[in-house]
Amino acid sequence: MTPDRPPARPAPAPEPDPTADQATKDAMSNATTVSPAHSASTASTLITNIASLVTNDPSLGWGSPRSSKFDSEGHSPLGLIQDAAVVIEGDRVAWTGDQSKAPATDNRIDAGGRAVVPGFVDSHSHLVFAGDRTQEFNARMSGRPYSAGGIRTTVAATRAASDEDLERNLTHYLAEALRQGTTTFETKSGYGLTVEDEARALRIAAAHTDEVTYLGAHIVSPDFAEDPAAYVSLVTGEMLDACAPYARWIDVFCEKGAFDGDQARAILTAGKAKGLHPRVHANQLTYGPGVQLAVELDAASADHCTHLTDEDVDALANSATVATLLPGAEFSTRAEWPDARRLLDAGATVALSTDCNPGSSFTSSVPFCIALAVRDMGMTPDEAIWSATAGGAAALRRDDIGRLTPGARADLLLLDAPSHVHLAYRPGVPLVREVWWRGVRVA
């Protein structure tokens, strides 16, 4: 498939082809450069014989009306429709409902009694990097001490890599994620930690997504180990000036050993002055000021949220800041699981994301994170699928993705299962049979 010239009519689903990765990569790499008018045919397509359709719009099916959160009685905003159909026109959803009421269309596709869900929205990843940290992971899982440099190891490899190497690595993981159902992703800088390397990371990322985050404040650069204040000045000054044109968001790792509350506030405030909206790595390793700072600054998301006080939970529940949980990190580090049940019962909005990075969460699989969240974080399967779709959209402050309702972008997944519950029920099984992105079948 050529992304800027998609087929007028969807072709039959191809058999898996290990040589077909480039088409998937090309489709994802053009996610923000292809105009909507050219991202799909204007012909209408009906997908029918859907056993169960997750719309994330309670007005279209079962759920709690006018609610974007799960209430204390367990009512869900999934807007679930049984025996359903979807109509796609161009790159948008035109109609959803009972298949017996579906309108006439140019094309018709039989889903074969399978489930359809919105494309996954991965709102937290670190994909512009070089190298890996296999030895570090092996030592950690083997119970052996390991003294290599952690993030600094990736920083050294990333600085040494060419632009072509970084982009090749990025597109490899984007294609991998797309095959598993991720149709929208956010990604960050943070492995360069110089003005030049942070700016080039964002420039490369911005060629593939609008959801680009400046994370010069990942850790204090090794070059400034003896003068963290000077590094904060660089991050809020020359580095910010160079990076802001490529980014939508600014992030900071607010944690002991990285940046304290005052430093994080200065960095995020400087970013806001440049038109970047805050996100915060908050309360991952210890209790700290990250969540409260995120709410104070109206951050779109506080990410990790592992160690929370009652005041932190209340702040999230009474704000527009989404609690983004990243179970891949706890899985890969054997750390304490975030308590999703506590957040949901308090009324907080929760997102699920992969945190894909070479050190602490080297997975691009949202289905894997859904299964972990259900098994180990107290989420129901309904809550987990909502959090990986509509929740991720909320963490990016988007209302055009993460749902399948008229006017939304036609990003959807056909599962090789009759229900979205199978994503948690059958962990590790590749259930994503087809991926539709902007109205075009791409995987």
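**From a hairpin to the whole fold**

Strands β2 and β3 form a hairpin with two residues between them, and G90 in the turn has a positive phi of about 65 degrees. Here helices (H or I, at least four residues) and strands (E, at least two) are DSSP runs, numbered from the N terminus. The model is a predicted one, in which local features need pLDDT of at least 70 and side-chain atom pairs count only at pLDDT 80 or more, while totals for chains, interfaces and linings use all residues. Residues are numbered from 1 along each chain as its sequence is written, and side-chain values use heavy atoms, with hydrogens and water left out.

The loop between β2 and β3 also holds D91. D91 counts as buried because its relative accessibility is 7%; buried means under 20% relative accessible area, exposed over 50%, and partly exposed in between (1.4 Å probe, protein chains only). The side chain of D91 makes a polar contact with the side chain of R92, at 3.4 Å. A polar contact is a pair of N or O atoms within 3.5 Å; within protein, one must be able to donate a hydrogen and the other to accept it, and residues adjacent in sequence count only if both atoms are side-chain atoms.

Seven strands form an open sheet with mixed pairing, in the order β3-β2-β1-β4-β15-β16-β17. Strands β3 (92-98) and β17 (440-441) stand at the edges with a single partner strand each, so one side of each is left without a neighbour in the sheet. Two strands pair if DSSP finds at least two bridges between them. Strands β2 and β3 pair in the antiparallel sense over six bridges, and V86 has T96 in β3 as its bridge partner. Strands β1 (residues 44-53) and β2 (residues 81-89) run antiparallel and are joined by seven bridges; I50 stands opposite A84 in β2.

Among the helices, α4 (residues 163-179) has 17 residues and reaches 24 Å from its first C-alpha to its last, close to the 24 Å expected at 1.5 Å a residue. That expected span is 1.5 Å times one less than the number of residues. The buried residues of α4 include L166, L170, Y173, L174 and A177. Just after α4, G181 takes a positive phi of about 105 degrees.

A further loop, between β11 (280-282) and α9 (290-296), contains N283. N283 counts as buried because its relative accessibility is 1%. A polar atom of the N283 side chain lies 3.3 Å from the backbone oxygen of G288. Not counting residues up to four places away in sequence, N283 touches several residues, including C254, E255, H307 and D312; contact means heavy atoms within 4.5 Å.

Across the protein as a whole, the secondary structure comes to 16 helices and 17 strands. Buried residues make up 57% of the 443 residues. Among contacts between residues at least 6 apart in sequence, 73% join residues at least 24 apart.
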